[in-house]
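Please read the points below alongside the sequence and the model.

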Amino acid sequence: MLSALLLLVATGCSIVSPTASAAGEPVWPPTPSPTSTSAPTATPVARRAPVVVLDPGHAVDESGAAAHGVVEKESNLDMAVRIAVLLRTRGVEAILTREADVRAAPPGEQPTRTDGYGGTRNDLQARIDIANAARADLFVSLHSNGAGDPSVRGYEVYYNAQRPFAAESQALARALLDGVTAALGAEGYPTAARGVIDDTCLKAFQGRCFPLFVLGPPRVTDRDEVYRRGGTPEALGFAPGQQTITSRATEMPGALVELLFISSPEDAALLRNEGARNAMARGVAYGILDHLASKGR
Ligand SMILES: [Zn+2]
């Protein structure tokens, strides 16, 4: 769901995470598990395998889209686990920005609902920091969409055309879209490819373009903007008298996949379907592998 990535949405939801079957395969829907207070961390290590950071969108009280028995934060994490399994069997080091229903922030810095804008911003910054600390080759954020019109369906992939590696991000986005198209088509699941989209001006606010936080260039946040969005500058790290702070952006090509519309009854039925979920996981994983292969990895 894009609105939450634009730091506008926080909704309440139950706390659950995926489980594994006896065969070790992820099971959907997930069953409840205890709340973890620890956040995933990544440590740079010497390696030869390509490293891909998978970013399951949303967590905790900021749950993304929810309808028809599907809650986005849970679905995103389940998809990330399925994709990671596939990548690891092909020799790719897959790192998740979160492995449970926790914000991607250090344990002592877990945002709360009262942090508002600042909490979501810190969570998104932590996801970027994990990818940079891992020196990942690729960053792939995983979401599902929501819309007011229940007839809107399909999947789409975003990239940012303003980054130094925009061409590779665009190629990755295309590979991901094509991978999902091939995998869903092979199994006969009906939905629609909505395309590869530059997110540079995804949202305009007071004459300024806002891309998706996790894909865009370093973002300058103004103290007055924080106040307008209901946040507290000090919670974002503003020093007394400091008017702006600048975010840290990803240092590698990346894309954000929106896997179907939870708001569509037909798409939500596919998101509840084991076969369709596995097909989409294969599509994303093969898209990543195809892209890596095209780069000689
Ligand atoms: Zn989302």
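Strands, labelled E, are DSSP runs of at least two residues, numbered from the N terminus. The model is a predicted one.

1. His 68 is located in the loop that joins E4 to strand E5 (70-71). Its phi is positive, near 55 degrees, although the residue is not glycine.

2. His 58 sits in the loop between strand E3 (51-56) and strand E4 (66-67). With 32 C-beta neighbours inside 10 Å, His 58 is classed as buried.

3. Helix H2 comprises 18 residues (72-89). At 1.5 Å a residue they should span 26 Å, and the end C-alpha atoms are 26 Å apart, so expectation and model agree. Of the 18 residues of H2, 14 are buried, and the helix is therefore largely enclosed by the rest of the structure. After H2 comes Gly 91, with a positive phi near 85 degrees.

4. Val 140 belongs to strand E7 (residues 138-145). Is Val 140 buried or exposed? It is buried, because 28 other C-beta atoms lie within 10 Å. Apart from neighbours within four places in sequence, the contacts of Val 140 include Val 52, Leu 54, Gly 254 and Ile 288. Val 140 and Ile 288 are separated by 148 residues in sequence, yet their C-alpha atoms are 8.8 Å apart in space.

Methods: Residues numbered from 1 in each chain as written. Predicted model: local features only at pLDDT ≥ 70, side-chain atom pairs only at ≥ 80, totals over all residues. Helix = DSSP H or I, 4+ residues; strand = E, 2+ residues; numbered from the N terminus. Buried ≥ 20, exposed ≤ 12 C-beta atoms within 10 Å, placed from the backbone. Contact = placed C-beta atoms within 7 Å. Expected span 1.5 Å × (residues − 1).
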